[in-house]
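Me: I am new to this structure. Could you walk me through it in short questions and answers?

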Amino acid sequence: MQAPSPPKPESASASDAPAQGNFYVPGQYTPDQSVGYLMRRVLSSILSQADAQLAPHDVTYVQYLPLYKLLHCDHADATVATLARELEVDAGAMTRALDRLQAKGLVERARSTADRRVVHLTLTPEGRTVAAQVPGVLAEVLNGHLRGFSHAEWQQMLQLLQRMLANGDLLRPGA
């Protein structure tokens with residue numbers, strides 16, 4: 001004999017359930033249910049903690065990103081434009097970050113001999129040292145935000161975020 005199913009609350013009906021993929025109804029959800037709002041708050045917390053932990057290295061998270069890219073890129077392609085594009089940052093913001101890194105002696109700029117409009121970027125020896133130290137700091141910050149997660153939960157979250165990114169790519173014009 002089959003066990004009876006639990007009674008449905010009177011206020012809910014099958015028509016109240018969201019259609020496949022339609023989880024939000026305008027005006028019927030709060031920020032604590034908004035994926036975008038929660039992701040922005042998590043990212044803000046990560047960036048804030050990263051900046052605090054990076055202070056002894058005299059860099060901010062925003063300044064560290066180009067250091068990391070320069071440490072792991074083909075130096076022939078290292079320009080303000082390529083870094084800005086790869087990091088999805090405005091070229092002006094990238095230029096300001098690189099100005100600060102150059103003033104700290106972490107990055108050098110050299111005009112291309114083939115095309116005077118192009119400026120190539122390289123890390124100084126001190127820039128390489130700082131860029132190599134920072135991943136440990138960021139791992140600590142991320143692990144702190146993942147405290148209490150199981151390995152399976154962490155993997156599932158990565159897969160879900162990657163799926164959301166893929167869905168977002170499909171929403172872009174011309175996709």
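Me: What pattern does the chain follow along the sequence?
Reply: This is a predicted model. The chain holds six helices and two strands. Read along the sequence, they give the pattern α-α-α-α-β-β-α-α.

Me: What share of the residues in the chain is buried?
Reply: A residue counts as buried when its relative accessible area is under 20%. The chain has 175 residues, and the buried share of them is 19%.

Me: How much of the accessible surface belongs to carbon and sulfur atoms?
Reply: The accessible surface of the chain comes to about 12900 Å². The part that belongs to carbon and sulfur atoms is 56%.

Me: Are α2 and α3 roughly parallel or roughly perpendicular to each other?
Reply: Two packed helices are described by the angle and the distance between their axes. Helix α2 spans residues 61–71 and helix α3 spans residues 80–87; their axes come within 11 Å and cross at roughly 110 degrees. Angles of 65 to 115 degrees count as roughly perpendicular. So α2 and α3 are roughly perpendicular.

Me: Which residues of α3 meet α2?
Reply: On the α2 side, the residues in contact are L65, P66, K69 and L70. On the α3 side, they are L83, E86 and L87.

Me: Which residue forms a salt bridge with E86?
Reply: E86 lies in helix α3, and its partner lies in helix α2, so the pair ties together parts that are 17 residues apart in sequence. The closest N and O atoms are 3.5 Å apart.

Me: Is D58 exposed or partly exposed?
Reply: Exposed means over 50% relative accessible area, and buried means under 20%. D58 has 47% relative accessibility, so D58 counts as partly exposed.

Me: What is the N to O distance in the salt bridge of D169 and R172?
Reply: D169 is partly exposed at 41% relative accessibility. R172 is exposed, with a relative accessible area of 52%. Their side chains meet in a salt bridge, N to O, at 3.7 Å.

Me: How many salt bridges does the count come to?
Reply: A pair counts when a side-chain nitrogen of Lys or Arg is within 4 Å of a carboxyl oxygen of Asp or Glu. Among the pairs is K104 with D58, at 3.9 Å. The count comes to five.

Me: Which elements give two or more residues to the nonpolar patch?
Reply: F23, Y24, Y29, V35, M39, L161 and M164 form a nonpolar patch on the surface, with about 650 Å² of accessible area together. The elements that give two or more of these residues are α1 (35–54) and α6 (151–171).

Me: Where is M164 placed?
Reply: M164 is one of the residues in the nonpolar patch. Its relative accessibility is 41%, so M164 counts as partly exposed. The place of M164 is in helix α6.

Note on methods:
Residues numbered from 1 in each chain as written. Predicted model: local features only at pLDDT ≥ 70, side-chain atom pairs only at ≥ 80, totals over all residues. Heavy atoms only, no water. Patch = residues over 30% accessible without salt bridge, like charges linked within 9 Å, V, L, I, M, F, W, Y side chains within 5 Å. Areas by Shrake-Rupley, 256 points an atom, 1.4 Å probe, with all protein chains shown as cover. Helix = DSSP H or I, 4+ residues; strand = E, 2+ residues; numbered from the N terminus. Buried < 20%, exposed > 50% of the residue type's maximum accessible area, 1.4 Å probe, protein only. Axes fitted to C-alpha atoms, helices over the stretch in contact; angles between N-to-C directions. Parallel < 35°, antiparallel > 145°, perpendicular 65-115°, else oblique. Contact = heavy atoms within 4.5 Å.
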